Amino acid sequence: MSAHSNMSNPITPELIQDLQKFTDAQALIGEIFRRFGERAAIGTSGQLTGVVMIDLAFRSGAKPRVFTIDTLRLFPETYELFDALEKKYGFKIERLQPDPVKLKNMVQEQGEYLFFDSKQKQEFCCNLRKVEPNERVLETLDVWLTGLRADQSAARAATGKFEIISTGSQKRPILKVAPLVDWTEQRLREYAKEHGVPTHKLLDWKQEGWYYESLGCVICTTPIGPNESRRAGRWRWFNSEDNKECGLHTFHKDEV
Ligand code: SF4
């Protein structure tokens, strides 16, 4: 038995049953922060769900912990958004960055643009810049609030609101919650407008039917065309739909 498994584990099926009673997203988010405090956090990359969750959390009376994975290759508009959110709500977003030594080695040995070379190298880069920093923050959490939505891609259509995942070498269970899983893009946009929530400028960019659906690193994220799937803008030089997840939401295949 690991040290963690000997400690009382707050993540139980009963907890999910309890939280399922909160069908309203604001009430659910508020309840999670009331129960878990700093052991809960909203993770956001600047998408509409993230900013709306932050607003809902503040409206619930909570002082939410919010983090982002700063790959150091984000769009300038993403950093602008984080600054605008911090200003509006008077708080700090934790910016988890890649390990500086590993990053330096990777760039020296494989170049800044290794992700063009192969799927394997792209995954190596994503792992170092995103997955590792994400794992680091998950070590400090019992509840991870994510902005996953059911309509984002076929792979995400099965996304439930509550999922117990395991994290770290000790496979500690944590609860991953997607409070806005059923919200449509239109509903999110209407909410943001109505409540004056800062949104990502690139999400308003449109040109002849092309627009940004997902926001990630520069170069790796491009706009999508009128007849493309929602995540088609990622890593365009790899053309299989199966290759579109960066690892943040797929590496926990061994759920408890
Ligand atoms: Fe690297 Fe591109 Fe992944 Fe960003 S999206 S971590 S630059 S491969």
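The protein contains eight helices and eight strands, where helices (H or I, at least four residues) and strands (E, at least two) are DSSP runs numbered from the N terminus. The model is a predicted one, in which local features need pLDDT of at least 70 and side-chain atom pairs count only at pLDDT 80 or more, whereas totals for chains, interfaces and linings use all residues. Residues are numbered from 1 along each chain as its sequence is written, and side-chain values use heavy atoms, with hydrogens and water left out. Of the 256 residues in the protein, 50% are buried, that is, under 20% relative accessible area, with exposed meaning over 50% and partly exposed in between (1.4 Å probe, protein chains only). Among contacts (heavy atoms within 4.5 Å) between residues at least 6 apart in sequence, 67% join residues at least 24 apart.

Helix α5 comprises the 14 residues 76-89, which at 1.5 Å a residue should span 20 Å, and the distance of 20 Å between its end C-alpha atoms agrees with this; the expected span is 1.5 Å times one less than the number of residues. Thr-78, Leu-81, Phe-82, Leu-85, Glu-86 and Tyr-89 are the buried residues of α5. They lie on the same side of α5, because they cover an arc of only 135° around the axis, the arc being that of the directions from the helix axis to the C-beta atoms. An α-helix has 3.6 residues a turn, so residues three or four places apart point the same way. Exposed Pro-76 and Lys-87 are carried on the face of α5 turned away from its buried side, while the buried residues pack against α4 (48-59), β2 (66-69) and β3 (94-96). Gly-90, with a positive phi near 65°, follows α5.

The axes of α4 and α5 are 12 Å apart and the two helices pack at an angle of about 10°, which makes α4 roughly parallel to α5. Axes here are lines fitted to C-alpha atoms, for helices over the stretch in contact, and angles run from 0 to 180 degrees between N-to-C directions; those under 35 degrees count as roughly parallel, over 145 as roughly antiparallel, 65 to 115 as roughly perpendicular and the rest as oblique. In this pairing, Val-51, Ile-54, Asp-55 and Phe-58 of α4 meet Leu-81, Leu-85, Lys-88 and Tyr-89 of α5.

Helix α4 is also a packing partner of the buried residues of α8. In α8 (residues 185-195), Glu-185, Leu-188, Tyr-191 and Ala-192 are buried, and they line one face of the helix, since they fall within an arc of 125° seen down its axis. Gln-186, Lys-193 and Glu-194 are exposed on the other side of α8.
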